[in-house]
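Let's take a walk through a protein model together. Have a look at the chain below, and then we will visit some of its residues one by one.

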Amino acid sequence: MQRFKNKFALITGGTNGMGFATAQQFIQEHGKVIITGRSAETVNKAIDRLGQNAFGIVSNAGNMTDVFTLQKQVKQYTENIDFLFVNAGYGKFASVVDADEAHFDELYNMLVKGTFFTVQQILPLMKAGSAIILNTSFVTEVGMANFSVYSSAKSAVQSFIKTFAAELAEKGIRVNGISPGHIKTNIYNNTGLNTEQIDGAIQSILPAIPFKRLGEPAEIANAVLFLASQEASYIHGTELTVDAGISVIR
Ligand SMILES: NC(=O)c1ccc[n+]([C@@H]2O[C@H](COP(=O)([O-])OP(=O)(O)OC[C@H]3O[C@@H](n4cnc5c(N)ncnc54)[C@H](OP(=O)(O)O)[C@@H]3O)[C@@H](O)[C@H]2O)c1
């Protein structure tokens, strides 16, 4: 398929996981991609793997100075973004008793402020026919101990989908969300857990997943690129849940 011929995407957090998988598939379908990440090392490594139709920007979604210079940096490569995937992020987990202000600010700056101002900054580069996709999570649908800050930040992002969709309909820009379940990415590396604890966490999660396996990043990319494509031309203001049913099956 060549659904993205002559199209330019900006994928925040494209050095790994679902962002990287989405960049890979977008390029396979003849598009060009700008990815962001927090370090030159990870960004350069990813664009080397993605090939000549990939470009990289070091930009931290939790740092507003970076977010407010993103448009200028993007313009070094293109004046027009057809598809914006606001994906950068990770979770950190603590109970309401233990969570401190730094934990709260870190996640809200990156996930809530970062998402809001990334969209605001890139919108001037988007024309009618373009699409925005925000990455939420199935955790907005369930109560999970130690997830209050992460889940509520993702609920704010979920709310942005509807409001942005209301505001951008008249511009012909579609806004939707992708709500992943447990996906096999590097997400656990930012939690502060060691390898053994990560393995233990994954083993304890598996029985609750209806398919008894983690999802692959490519399974998210397939859904994201469907939403970004013309096939989803009448889909606006909603979330596509890709979670093996974990948010609805008990
Ligand atoms: N994996 C899951 O089970 C799951 C489930 C639901 C939702 N999600 C969401 O999916 C999104 C992608 O995560 P993933 O699972 O694909 O994890 P991942 O493999 O760790 O990828 C995260 C990506 O985001 C980048 N990133 C992290 N913090 C950033 C920041 N402050 N500024 C800019 N880039 C940043 C990372 O790049 P660098 O390391 O190079 O900075 C990397 O490219 C996140 O929003 C996450 O909350 C994940």
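## A first stop: H30

Our tour begins with H30, which sits in the loop between α1 (17–28) and β2 (32–37). Helices and strands here are DSSP runs, numbered from the N terminus: a helix is H or I with at least four residues, and a strand is E with at least two. Is H30 buried, exposed or partly exposed? With a relative accessible area of 41%, H30 is partly exposed. On this scale, buried means under 20% relative accessible area, exposed means over 50%, and partly exposed is in between (1.4 Å probe, protein chains only).

H30 has another feature to look for: its phi is positive, about 75°, although H30 is not a glycine. Most residues other than glycine have a negative phi.

## About the model

This is a predicted model, where local features need pLDDT of at least 70 and side-chain atom pairs count only at pLDDT 80 or more, while totals for chains, interfaces and linings use all residues. Residues are numbered from 1 along each chain as its sequence is written, and side-chain values use heavy atoms, with hydrogens and water left out.

## The whole chain

Now step back and view the chain from end to end. How many helices and strands does the protein chain have? There are seven helices and seven strands, and from the N terminus on they run β-α-β-α-β-α-β-α-β-α-β-α-α-β. The radius of gyration of the protein chain is 17 Å, close to the 18 Å that the globule rule gives for 250 residues, so the chain is as compact as a globular protein of that length. This radius is taken over C-alpha atoms, and the globule rule is 2.2 Å times the number of residues to the power 0.38. Along the principal axes, the C-alpha atoms fill a box of roughly 45 × 35 × 35 Å.

Of the 250 residues, 50% count as buried. Contact means heavy atoms within 4.5 Å; among contacts between residues at least 6 apart in sequence, 70% join residues at least 24 apart. The accessible surface comes to about 12,000 Å², and 51% of it belongs to carbon and sulfur atoms. Accessible areas come from the Shrake-Rupley method with a 1.4 Å probe, and for residues only the protein chains shown count as cover.

## A loop with another positive phi

N146 is placed in the loop between β5 (131–135) and α5 (148–168). Its phi is near 75°, a positive value in a residue other than glycine. At 38% relative accessibility, N146 counts as partly exposed.

In helix α5 you will find F160. F160 has a relative accessible area of 14% and is therefore buried. Not counting residues up to four places away in sequence, F160 touches V112, T115, F116, L134 and A165. F160 and A54 are 106 residues apart in sequence, and their C-alpha atoms are 28 Å apart in space.

H103 belongs to helix α4. A relative accessible area of 10% makes H103 buried. Which residues does H103 touch, not counting those up to four places away in sequence? They are K92, F93, A94 and V149.

A99 is found in the loop between β4 (83–86) and α4 (101–122), and at 27% relative accessibility A99 counts as partly exposed.

T185 is in the loop between β6 (174–180) and α6 (195–205). Leaving aside its neighbours within four places in sequence, T185 is in contact with G17, M18 and P217. The side chain of T185 also reaches the backbone nitrogen of I187 at 3.1 Å.

## The last stop: S247

S247 lies in the segment after β7 (239–242). Its relative accessibility is 16%, so S247 counts as buried. Apart from neighbours within four places in sequence, S247 is in contact with F138, E141, V142 and T241.

The side chains of S247 and D243 are joined by a polar contact of 2.6 Å. A polar contact is a pair of N or O atoms within 3.5 Å; within protein, one must be able to donate a hydrogen and the other to accept it, and residues adjacent in sequence count only if both atoms are side-chain atoms.
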